[in-house]
Every structure is written in C-alpha cells, then in structure tokens.
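Subject: Structure for your files

Hello,

Here is the structure I said I would pass on. My notes follow below it.

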Amino acid sequence: MALCCSTFFFAVLSSILFSAPLCASQKVPNYTFMRNATAAPDISYYDYIVIGGGTAGCPLAATLSQNYSVLLLERGGSPYGNPNITNLAAFGAALSDTSPTSPAQRFISEDGVINSRARVLGGGSCLNAGFYTRASPQYAREAGWDGRAVNESYEWVEKVVAFEPEVKQWQSAVREGLLEIGVVPNNGFSYDHIGGTKVGGTIFDHQGFRHTAADLLQYANPSAITLLLHATVHRILFRVKDGSKPMAHGVVFRDSLGRKHKAYLNRHPKSEIIVSAGALGSPQLLMLSGVGPRQHLRAHNISVTLDQPLVGQGMSDNPMNAIFVPSPQPVEISLIEVVGITSFGSYIEAASGENFAGGSPRDYGMFSPKIGQLSRVPPKERTPEAIAKATEAMQGLDQAAFRGGFILEKIMGPISSGHLELRTRDPNENPSVTFNYFQDPLDLERCVQGLSTVEKIIESKAFAPFRYPNMPLAMLLNMTANSPVNLLPKHTNSSLSLQQFCRDTVMTIWHYHGGCQVGKVVDRDYKVLGVDALRVIDGSTFNYSPGTNPQATVMMLGRYMGVKILTQRLRATAADQTQQ
C-alpha cells in the first residue's frame, strides 16, 4: 500500500467518524416549556435561575422545578431533529461544523491543541463519544458526597440515558487483548469504576440514537420551568450593601436578535442563581460579572464585585494519545465501549469504523483540514490554499485507507494544570485557556505506560485479525505522529521515544475541567465563596476528572445537588414554621 502517512491517519479517522449512512431522525419530545428567547418578556422573576442547559444544568433544573419556579437559560439551540447530534454514525459531524449556529464552538488552547465547547441544549452529552461510566467510590468520598444519594442520582439518570452496548468484533478484540496482556480481572458489563477490563455503558441506544442530558428534562414539572434557547447571559447582577457580601439577584441576557432581557430572583433568602455553563463558560461568566482577579478585570474595564484571584485557575484537560491500526478486514462502527482501567493511572479505550471508501466523504470531521487543523502550520498561517491542498490529497486516497480503528489512552487526573483568562467582554467569544499538558512528569510517565499498553494490545493474539502483519509498531507510530492532530511542532524521533510521541500527538478527549474549583472558588455545597445566592454546579468545580469519562458524574451531580438544595430548603422552611 503506497499511502502518504500524514494524510492516511486523519483520512481514516474522519472516515470512521462521518461517512456511514444516517439513521432515521429521533422523535422530538414535546417540551411545552421550551421556547426561543425572543419570546421572553423584558423582565421576569423566578425562584431559581440556572445558567447553562448542559450536562449538569438540565438535570439540576428538572429537579428544582419539582417544587419551585425555574428559569433555564441555554445559549444554543435544541439538539432534537439534528441527525449530526442524534445518530451514532454521524459522530463528530457537529464537532467539525464551525458555523455560528453550530452546536459546537471550536477553540484552540494556548498549548496548540484544537478543542471544542458545547453550544446546545444537553451540552457536551450532545457531542461526545457516548461512553457512560460512574466515578469511583473514592472520588465520591473525597468530594464529600453522600454515597447513597450519589447512587440514587446515578440511577435516576440511567433510567433515561444509559444503555448496554452491543459489543462486536473490534471492541471484543480490544477487550480480549487487554485481558491477555494482564489488565485484569474481566469485570463484564458495569457502570461502576472497577480496576481491570470492563464494558461500560453508552448513551446510544440499540438503534444508534443518542440520548442526552436534554432528555432528563422529561422529569421537569412543565408548569414550573421555563427553558429559553439562544439566550446568552452577559452578566450576573449583584446587590452590594456596605458591610455585607454581594448578593446575586438577577441576570442580563440577550436573545438571538440582540435584544436585552433581565431575569430576577423572587425575594426569598433561599432563592439562588446557579451557573452551569461548563469549564470555560462558568469562570468566564464569573469574570464578566466582576468576580475574579482584580487586575485582570480592571484590564478589561470590568467593575470588580469581588477580588477572587482563583477564578480561572486550575484548568486541566486530560491528554489523550492514540495509535491508528489499519485493518485487513472491515470492522464495525463503534465508539467507546470497552475500557481498561490500569493500576498505573491510564485508561485504555478504542473506536473503529467500517470501510467507508465508497462515495466522496462530505466532510473530514474534527481532524479536518477544512477547519485548518494542519499540524505543521501555525494558526495564523493556515491559508485557504494550504487547506485546499490537504483536502485534495485525502480525496485521492486508496480504499484501504478507510478501514481500521484507534486504540487510545487517556491519563487520570491530570496533575498538570493551567489557567483561563478573558480575551474580550463578549460572552460569545472564547476565553484564552492554557492546560499545560504534561507539565508534571507523572502525567508524562502515565502516558508512556498507557501507550506501552496499547502497543501490547496491538501485538496480542486476540488482536491479530485486525492488524497487517507487515506493519511493525514503528510504522504505526510514525503514521500517527506525522498526522495533523494538533498545532504543536513535530520531532523526527517520535517512533523511538514514547515521551516525545506523547508530546507530539497529544489530543483532547474533551474532558477539560476546573476554573471554579471546590475549596478555592466554591465550597463543598458549590456556593461561590465571598458572595451570597450564587452557586456553580458543573465540571468547572472538579479538581480532577471523575472516572474514565466524566459525563455520567456531571449529570449525576446536577441531580444530586438539585435534591440537596430542595432538601435543605424544605428543612429551613420547616424550622421557620416551628419557630413561629
């Protein structure tokens, strides 16, 4: 096979993600409380205002609406009726869409790694690879969560969005390879985080339809919740009285026509604004609202409500590295289904695709040169000519380039972290974020151990049917290292040094977190330190990523904290009545 290595890799990846036929559209739920923000009144009042209808915001708002009036503000649109979101075979198509109305908003970290943030009801659960697995009991204990309530909250989520995948040949070979090389025991199918090899859950049902956090809104009380789409919050409003903490009491948001609206909390000591805008959006909104590092806010002419230098700190993204394995035979379309939870802090997962060579691919997905993802070209030099040249090269590839899959490793934690800063005062613009991948040597060590494990799987007897015998590991590593997976400069010795391979081929698996961390920006009840009536409940509060994949825990957290807030308010009301 005479194929160009640098185009071979990302052509295959994009083919795995995009070129299969789409299933029929999924039935759209009849959410009578969902409307476009253009229909919102200029001023309105609620018991709770939840900012961000994402992976945490949807279950949180649904839960709170059981007893109180809730306004849920989502800056994006609905996921329903969009086959690029709902159909497994179209995974990644939304991530490659860079239009202003895309459900995914692309950003490039200061590290040079291309990434994406959700801009759609349901958040990241509308864009990800669908793997559903819980955090470990140790993670829950360290977070200070009640174990029984955590389990009940997971089960509440799982009744709607979680399924057991149908494990076929590629994923079975990865599972058997993991067991063969000693990632044991075999834990079968489980949602739980258990050392060894297991089949996890998926949010794709057996018909290939995605079920997202937006589906959890079916639990909502339709008479008590208002959901506004295309509602971009510009700032949180505070009352500031001498000698007391600033108190959040309202928000300013704009609809898709740019018209300004204000929503206020009903006058009650337990009414709150809850920010669930994600690991980029939540610290960004706090800063835009005057809660953040004083000097940075003043540099952007933002009035300081609270000097809080830790807002935007502790930003981490779990680095992912993968090796592409061309297959001599067609394989099934599969996203993440099997995971190896190693003893050294690396998680092994895999994805695969059928032979997609028939016909012309419509797009090249999240590794597409159409969106300027050219590894050796700095962002400012990604000319239309360079993009067109790379696109043309891929269209002329041999059919064999469209067959195979990826085995990847993701490290736990991570330990390395960076920070987030505002670029502008426009909430629609991405902030600047630095993750400092592999800054800590232990992160790099875990990556090397993870890749060594991937190599052993590729060389295992169980995986032999899916590997060309005349393609040594060095060739596979070089194919991967020479592909445009990020904007970092490459080195010539990637196949010889796994340390350099980790640095050169680092990608995101979209598990970034931090910026409003517990113990630094919020307390263990997720109340923002130094102000009243304001919480942050989402992945921005995590000090490290939960489990192998975080979405199950983010959805659980929305439900868990919703129940806790209702319980605390009920107890407070009962105590007040007793005193009277």
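How many helices and strands does the chain have? There are 14 helices and 26 strands in the chain; helices (H or I, at least four residues) and strands (E, at least two) are DSSP runs, numbered from the N terminus.

This is a predicted model, in which local features need pLDDT of at least 70 and side-chain atom pairs count only at pLDDT 80 or more, while totals for chains, interfaces and linings use all residues. Residues are numbered from 1 along each chain as its sequence is written, and side-chain values use heavy atoms, with hydrogens and water left out.

Confidence and overall figures

The mean pLDDT (the predictor's confidence in each residue, from 0 to 100) is 87 for the chain, and 84% of its residues reach 70 or more. Over residues 1–25 the pLDDT is below 50, and this stretch has 79 contacts in the model beyond near neighbours in sequence; contact means heavy atoms within 4.5 Å. Residues 355–384 also have pLDDT below 50, with 87 contacts beyond near neighbours in sequence.

The chain has 580 residues, of which 62% count as buried. Buried means under 20% relative accessible area, exposed over 50%, and partly exposed in between (1.4 Å probe, protein chains only). Of the contacts in the chain with a separation of 6 or more, 74% are between residues 24 or more positions apart.

The six-stranded sheet

Six strands form an open sheet in the order E1-E11-E4-E3-E15-E26, with parallel pairing. Two strands pair if DSSP finds at least two bridges between them. Strand E1 (34–36) and E26 are the edge strands, each pairing on one side only. From one strand to the next the twist averages 20°; axes are lines fitted to C-alpha atoms, for helices over the stretch in contact, and angles run from 0 to 180 degrees between N-to-C directions. E1 and strand E11 (residues 225–229) pair in the parallel sense over three bridges, and Asn 36 stands opposite Leu 229 in E11.

Helix H2 (residues 57–64) packs on this sheet and touches strand E3 (48–51), strand E4 (70–73), E11 and strand E15 (272–275); the direction of H2 makes about 170° with that of E3. Helix H8 (residues 278–288) lies across E3, E15 and E26, at about 150° to E26.

The three-stranded sheet

H8 also lies across E18 and E23, running at about 55° to E23. These two strands belong to an open antiparallel sheet of three strands, in the order E18-E23-E24. Strand E18 (313–315) and E24 each have a single partner strand, so one side of each is left without a neighbour in the sheet. Neighbouring strands here are turned by 35° against each other on average, direction ignored. E23 and E24 pair over three bridges in the antiparallel sense, and His 419 stands opposite Thr 434 in E24.

Helix H6

What do the buried residues of H6 pack against? They pack against H2, strand E7 (131–132), strand E10 (201–202) and H14. Among the buried residues of H6 are Val 150, Tyr 154, Trp 156 and Val 161.

Thr 541

Thr 541 is in the loop between strand E26 (534–536) and helix H14 (551–579). Thr 541 is buried, with a relative accessible area of 1%. Leaving aside neighbours within four places in sequence, Thr 541 is in contact with Cys 516, Gln 517, Val 518, Val 522, Tyr 526, Val 536 and Leu 557.

Backbone points

Most residues other than glycine have a negative phi, and most peptide bonds are trans. The peptide bond from Val 184 to Pro 185 is cis, with omega near 5°; Pro 185 lies in the loop between helix H7 (169–180) and strand E8 (186–189). A cis peptide bond also joins Gly 413 and Pro 414, with omega about -5°.

Asn 301 is not a glycine but has a positive phi of about 60°, and counts as exposed at 62% relative accessibility. Asn 436 has a positive phi near 55°, and counts as partly exposed at 22% relative accessibility.

Regards
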